[in-house]
Structure formats: C-alpha cells, structure tokens
Amino acid sequence: MRNTLFAGIVLVVGMQANAADVPVDSLGGQRLGEIVVTGTRTPSNPALLSQTVSVVGRNAIENSLRPSLLPVLSEQIPGLFTTSRGVYGFGVSTGSAGGISIRGLSGGSAQVLTLIDGHPQYSGIFGHPISDALQGLMTEKVEVVRGPASTIYGSNAMGGVVNVITRRMTSDGVRTDLRAGYGSWNTLETEISNQLRMGKFSSTVSVSYNRSDNHRPDMEFSQTSGFARLGYDISRRWKAYADIDLTHFNGENPGPVSRPLTDSRQSITRGAAAAGVENHYDMTDGGLSVFFNWGHHWINDGYAAGASPQAYRFLSDDNMAGVSLWQSVRPFRGSTITLGADWFRYSGNAWNRFVEGPRTGEDLTIVDRSQNEFAGYIDVRQEIARILTVSAGVRVDNNDGVGTEWIPKAGFALSLPREITLKGSVSKGFRYPTLREMYMFGAANPDLAPESLWNYEIAWSQTLCDGALEYGINLFFIDADNIILTLPLTDGPGQLNVNSGKVVNKGVELRGAWRISPSWSVDANYSFVDMNNPVVAAPVHKLYAGGMFMKDGWSVSTGLQYIGKLYTSVSPEQTENVLLWNLRLQYRVNRWLSLWARGENLLARRYEINAGFPMPRATAMAGVHLSF
C-alpha cells in the first residue's frame, strides 16, 4: 500500500514538474507574470532572470494556517528543507531547530541568507537567522533564490536567499484580521493585524501570541511578536517607509531522549528596524535604505541526570547595522544596468554570568568584537531581439577582519516558441567566517578564510493551456571549497575550526502546477541532491504533492510530503525516511467570519529531524478567523 501511494505521487510529479522561476502560489492559485525583486535589486520579470526565483504568495501563507513561515517554504520550494523538533517553536542553542538548507547547503552554518525586505536578518555573533522571528503575520510573500546570490547580497548568500516581503496596502481602506486557534498539546495560536491606506499614507500593524507545551515534558515554548510598517508616497515617483519587528520568546530544551536535560531554558529577544526611500522613473529606479537589527540572548544549558546544575548562564548581545544604495538605469531598449554599494557592521559580545559558587555575580567575557564590510557591485542585463536576455555582474567585497573577495556571475534566459524558457547560469557564492567561528569557544580560529563555491545551473520550463499548466526542470552542480569544519588537533587534545571542507553537490529539481478549473488545482515538486559529504538535516529526496478545492465558501487543501534519506547524523551516519500527510479546512460562514482546522502528520509516523528529538505524531488545530 505504501509503495503504491509513493509511486502515485512520483507519477504526479513526473506529469506536473515546473521550474520554480515561474511564480506559482500553489495553495491559492497561480499568479502569472508576477514581478520579483530578489535576485536583482529592482522589480523584474522572473522570466528574464538567469537564476531561479520561487515565490510563495500571501494566499499560500494564509491557507497554510500556520503562524511560522518555514513549514510553508519546506513544502512549496524544491531543494529547500527546514528542521523542526515539536508542535511549535524552534529555539536556539543546543537541540534547536529552524535550520534552512538549500541544495544541501545549510542555513545553520550561515550558508543561506535570510532577508526582510532585502535587509540581512541574522545574529551578528553566530551568523544564522533566528527562525522563530520569521512569522506569517507580517508577510505579503516570500521570494527564494535557489543558488548563489552573493553578487548582489554578499556574504552568507552562497547557498541561496530567502527574502521576506512585508505586507502593505495598495488601495484606500482599512482591514483588520483576527485569527485564533487551539489544539494538540495545549497549543494556542493568536494574531491580529490591521492594514490602512489613506491617500499617500499607509500602515500595517500586527501582533501575535503563540504558545505550546509541545509533546515532551520540559518543552514549553511561548512567543510574542509585533510588526509595524509605515509608508508615505512623497510623490508619484518617490516613496518612503519605516518598519520595526520585535520578537520575544521563552523556550525549554528537553535534550535528546537518550540524555534528557533538566532546567535547560532560554529567553530570547530579537528586533529589527529599517527605513528608506525609493524612486521609480521610466528610465531609472533605485533606493537608499538603512537598517539595524539586534538581539539579547539568555541561555541556561541545563544538566543531565547525575550531573550538577550549571554554575553560570550564557548571555549575549549582538547587533548588525547597514546602509544599502542602489540605482538601475535603462539607457536604451532592453538594457538594465544596476550599480550598488553596501556597508554592514557586525558586532556582538557574549559572556558567562556565574550564579552559583565562589564566583557568583562575576561575568566572564567570551567575545567582544565587531567587523565592517564594504562592497560595490554592478549587474548588467541586456535583451536581444526579444528572445534572448544575457546578464553578467561582479561584486567586490571587503571585510576588515578577513580580506577582499571578487564575486562574479553570468547567465542567459532564452524565450523559445510554445511558451518555453531555457536558462543557464554560472555564479560564485561566498561566506565570511562568523565571529563565533573566529573568536568563541575552544575551537576558535581568527585566521579562517571565507568559504566559496561555484554553482552551474540549467533550467527548462514551459507554460501550457493559456497558463493553466506549467512544468519544468532545474539541473545544478555545486563545487565548494574552504568549507569551515571543526576538527581534532593533530598535536594534542582539543579541536580547531579550519578551512578544510570540500563539497560537491549535484541534483535535479522539478515543480509543477495545474489549475484544473476555477475550483480545483494541484501542484507538486521534487528535489534530489547527491552530496559527496552529507549534511545534517539535508535530505537526498524531498517530494511534495498537493491539491486544493475552493467553492461556496469552502476551502480544502491537502498534501503528502515524502522525505527520503534525511541525515539526522553524519558521524555515525543516521538517516530517516518518512511520509507525512497534512490536511487543512476553511469555511467562510459570512463576510466577516471563517472557521478553520488543520491536521499534520495524520498518518502518525514516527520520525526525527534533529537526532534524539522525536517529532510529534498526529496533531490537530482548529479556530476562527475574523475579518472586518
């Protein structure tokens, strides 16, 4: 039975595979011809870009009925996988989840860059994003670049980019939404958002509170988040904006089941603020933005049975500030030249505060450092005879603690008869070592060099039936070196971070969508990654097939996801294979009231993503959505 079901899903994928550079909002209908801003700095038709840009739109985010963005992305984006450990909450430090991998490159190792409205969002010390801060309430859509985007965005974009585009109203009016739900393991989800536009002024304000006991003892998690964005149209050509995002969560880490922990707790506050101006003319457009994100972490690592409580608590403060300036010009038909410059500053300090023993009240500094990064880049795109677009670019990036990197890229997009698009690209990606890798803990090495890779890719896609059916395929080859590994010392006890890793990943990605009728739609995606050096939490196979029905106030969506040869450990090697079934229901009672329910892992499969942290079996949530 299980083999038959799996074979059926593969058949669906084979019939409906689609290269994701054609934007599809699979849980809420197709959105053909959508303009994207990720991969370039200015609004662009994705069909003209040589790289793959996937889009998950607002309908898909709302219809997922989840507060967090990551599970939605894991289903909808081939080659992208996110880790989890419970019903709700990812956490930080040992045993945490929320890592993002793209094509076998890991966000947990800061090889995937997370942005909010184009601004980097990650810890200034550790270099990775805080995934619990990525919430659906503030998000209009998510654009994902699968493959290097370092020419535009610099360090950490070597494996790909996840860009969260925040919500905003485009027409006059006021809308308020309230969503609340309750379900398995005493899980509560609430959020309220208000959008307003009056002439030249617009605003979006959202607040949420979510909590869960989760499915294991000592695994409680609670989070409060708020987001506000203000916009003002200075003129028809110029716009200004400012926004702020705040998240605070408290969590517990129960430890692996073989070695449970007591009193392992964390209290984390993250914030991000940005402001900027944009201009849009017939022959040119661009912008100037400034941003600042910060965090405060308080962590008690707990203790195992038979051990003593920790005598100290780990605390850290970090921040990241930046200024980005870019301008695109179109000097003649079909030509776009983008010039840009960035300045980033990463800062952080971390310390142990003793709470027991003779050193009570004493602080022991671990790190107190900062780094500056300056960069300039140029990106050129030229259409030829309306069927061929060629592009090339280069970035010069200097980090005052590491050195200078040159980051080139080149590619083409060819429009063929019968709505066929053929793309090819070659691009370099890189990542500077983080403050943690260079200056923290016993393996610290201040002489680390940047990681780097070359990505080679070709993609084919086609649109049929007046846009109702799309299919395609992406093939990629990644050659990376200088990967930072933590290895034992050869001349004594201890470990050291060194640039000795070599990665060769190659694979295929397929994605498809078919709007059968105004009421019925189906979609599917599949990815295969062959890794010479397997990575924890990066599956070899990932397949998703789903469908949606919408009629007479009903909205029903369901999906099956197969995760094959998921590495939960590489030393020793441990893998998982699991088939998950999710179901979501909504019914619009009237203009202002909707009822909803969702079920996850309804086949009640036993599996792990983080080694030693079994995932919950079947879970359910239900609630209401008010809109007025």
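Trainee: What stands opposite Glu 509 in β27?

Mentor: Ser 527 stands there. This is a predicted model, where local features need pLDDT of at least 70, side-chain atom pairs count only at pLDDT 80 or more, and totals for chains, interfaces and linings use all residues. Residues are numbered from 1 along each chain as its sequence is written, and side-chain values use heavy atoms, with hydrogens and water left out.

Trainee: What makes β26 and β27 a pair of strands?

Mentor: Strands are DSSP runs of E with at least two residues, helices are runs of H or I with at least four, and both are numbered from the N terminus. Two strands pair if DSSP finds at least two bridges between them. β26 (residues 495-515) and β27 (residues 520-531) share 11 bridges in the antiparallel sense, so by the rule of at least two they pair. The two form a hairpin, with 4 residues between them.

Trainee: How do you know that β27 also pairs with β28?

Mentor: By the bridge count again: 9 bridges join β27 to β28 (residues 539-551), and the two run antiparallel. In one of these bridges, Asn 525 has Tyr 544 of β28 as its partner.

Trainee: Why is one side of β4 and of β6 left without a neighbour in the sheet?

Mentor: The sheet in question is open, has 3 strands in the order β4-β5-β6, and is paired antiparallel. β4 (80-82) and β6 (105-106) stand at its edges with a single partner strand each, so one side of each has no neighbour there. β4 is joined to β5 (residues 100-102) by 3 bridges, and Thr 82 has Ile 100 as its bridge partner in β5.

Trainee: Why is the pair of Phe 126 and Phe 314 called tilted?

Mentor: Rings of Phe, Tyr and Trp (its six-membered ring) pair if their centres lie within 6.5 Å; planes under 30 degrees apart count as stacked, over 60 as edge-to-face and the rest as tilted. The structure holds 12 aromatic pairs. For Phe 126 and Phe 314 the values are 6.5 Å centre to centre and 55° between the planes, so the pair is tilted. Phe 126 lies in the loop between β8 (119-120) and β9 (139-146), and Phe 314 in strand β18 (residues 312-329), 188 residues apart.

Trainee: What makes Phe 430 and Tyr 432 edge-to-face?

Mentor: Their planes are 85° apart, with 4.9 Å centre to centre. The angle is over 60, so the label is edge-to-face.

Trainee: How do you know that Phe 430 and Tyr 432 are buried?

Mentor: Buried means under 20% relative accessible area, exposed over 50%, and partly exposed in between (1.4 Å probe, protein chains only). Phe 430 has 0%, so it is buried. Tyr 432 has 3%, so Tyr 432 is buried as well. Buried residues make up 56% of the 628 residues in the protein.

Trainee: How do you know that Arg 103 lies over the face of Phe 476?

Mentor: A charge sits over a ring if NZ of Lys or CZ of Arg is within 6 Å of the ring centre and within 35 degrees of the ring normal. Arg 103 is at 4.4 Å from the ring centre of Phe 476. Likewise, Arg 179 lies over the face of Trp 596, at 4.7 Å from the ring centre.
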